[in-house]
Amino acid sequence: MEKRRYRVGAEEAGERIDAFLAKASEGELSRARIQGLIADGAVTLAGVPIAAAKRRVSEGEEIEIGFPAPEDPEPEGEAIPLVIAYEDDELIVVDKPAGLVTHPGPGNWTGTLVNGLIHHCGDSLSGINGVRRPGIVHRLDKETSGLIVVAKTDAAHKGLAAQFAAHGQDGQMRRAYNALVWGKPLPEVSVIDAPLGRARNDRTRRAVVSPNAPDARHAVTHYTVLAAAPGQEPLASLVECRLETGRTHQIRVHMAHIKHPLVGDGVYGAGFRTKSAKLDEGPRAVVESFSRQALHAAELGFVHPVSGEPMAFRSPIPADMRELGAALAVEITSK
């Protein structure tokens with residue numbers, strides 16, 4: 001931590017401490033910056049944090065500012081266990097667990113998939129996406145589990161990026177997700193073609209918007225019901241979703257749009273958690289303790305960007321989703 005000391009002279013006595021420090025630092029620190037440092041307890045007098053920016057200084061006082069070390073924007077390798085489905089000199093396919101962030105960002109500078117990949121791959125990851133996202137061609141939400149491919153060379157990165165941009169319309173890319181949703185979508189096989197944009201009241205969320213909205217993005221999801229709970233009005237079902245486009249939160253928003261949001265989705269399906277009240281105590285406890293959206297990237301297929309060989313990978317539905325399915329009386333096979 002860098003520390004600086006400023007001594008109050010006779011001519012400065014009686015000034016507000018933020019004004020004094022702004023002048024003493026010769027304009028390097030703004031009053032707003034100083035006020036923030038005071039609020040963080042980084043401005044001290046004789047080792048005691050200054051309580052308020054309006055405090056008046058006295059002659060002879062020595063004010064100390066402790067500057068926290070800046071966070072290094074370049075991620076470092078960490079020994080994070082990785083489930084590797086495939087690896088060669090050009091790329092690596094990882095089966096990501098739920099809870100693992102794909103790449104560093106605000107609030108998640110360490111403990112990400114990228115940190116684990118740097119440790120595993122060394123300097124071999126493609127640098128096209130910059131130091132914070134080396135090799136990352138696509139991403140999965142933190143709480144979405146499943147398959148993700150990462151480029152180890154720039155040639156692989158360019159080839160994979162082109163396939164993801166085409167979203168399978170060129171016959172090369174194939175992606176399928178398994179999701180547990182509330183209710184049973186009808187018809188059992190259908191297409192959701194609804195443009196997405198930012199939600200009006202929350203810029204961090206996505207929503208179905210008018211095609212004429214300024215930020216409307218074409219979005220198409222194909223879904224198939226694989227299994228459902230028994231009864232005329234099934235409590236929940238397992239669906240397979242295939243993407244024709246790849247928008248942020250696309251599956252989550254589209255399924256909520258047709259009134260069948262993902263189980264456990266606190267952003268787009270929070271209102272449907274009351275459905276768990278229909279369950280007995282044991283199953284209800286399983287549903288209410290499930291802390292993520294029930295979404296798994298189960299299938300990933302692409303053409304190897306260097307060799308041209310067709311590649312196909314499947315990831316079984318993880319144990320937490322199988323347990324959730326059992327609680328909802330939805331039969332889930334192990335595939």
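Predicted model: local features only at pLDDT ≥ 70, side-chain atom pairs only at ≥ 80, totals over all residues.
**View 1. Helices α1 and α2 where they cross.** Let's start with α1 (residues 17–24) and α2 (residues 31–39), whose axes come within 9 Å and cross at roughly 120 degrees. Because angles over 145 degrees count as roughly antiparallel and those from 65 to 115 as roughly perpendicular, the two helices are oblique to each other. The crossing of α1 past α2 is right-handed. On the α1 side, the contact is made by I17, D18, A19, L21 and A22, and α2 brings R31, I34, Q35 and I38. Sorted by class, this contact has 6 nonpolar, 1 polar and 2 charged residues.

**View 2. Helix α3 and what covers its buried residues.** Moving on to α3, which spans residues 113–121, you will find L113, V114, N115, G116, L117 and C121 buried. The cover over these buried residues includes three strands: β5 (84–87), β6 (91–96) and β7 (145–151). Just after the helix comes G122, with a positive phi of about 70 degrees.

**View 3. Cysteines C121 and C241.** Do look at these two side chains in turn. C121, one of the buried residues of α3, has a relative accessibility of 12% and so counts as buried, the cut-off being under 20%. C241 is buried too, with a relative accessible area of 0%. How many disulfides does the model have, with sulfur atoms within 2.5 Å as the rule? The count comes to 0.

Key
Residues numbered from 1 in each chain as written. Heavy atoms only, no water. Buried < 20%, exposed > 50% of the residue type's maximum accessible area, 1.4 Å probe, protein only. Helix = DSSP H or I, 4+ residues; strand = E, 2+ residues; numbered from the N terminus. Contact = heavy atoms within 4.5 Å. Disulfide = S-S within 2.5 Å. Axes fitted to C-alpha atoms, helices over the stretch in contact; angles between N-to-C directions. Parallel < 35°, antiparallel > 145°, perpendicular 65-115°, else oblique. Left-handed = near helix turned anticlockwise from the far one by under 90°. Nonpolar A, V, L, I, M, F, W, Y, C, P; charged D, E, K, R; others polar.
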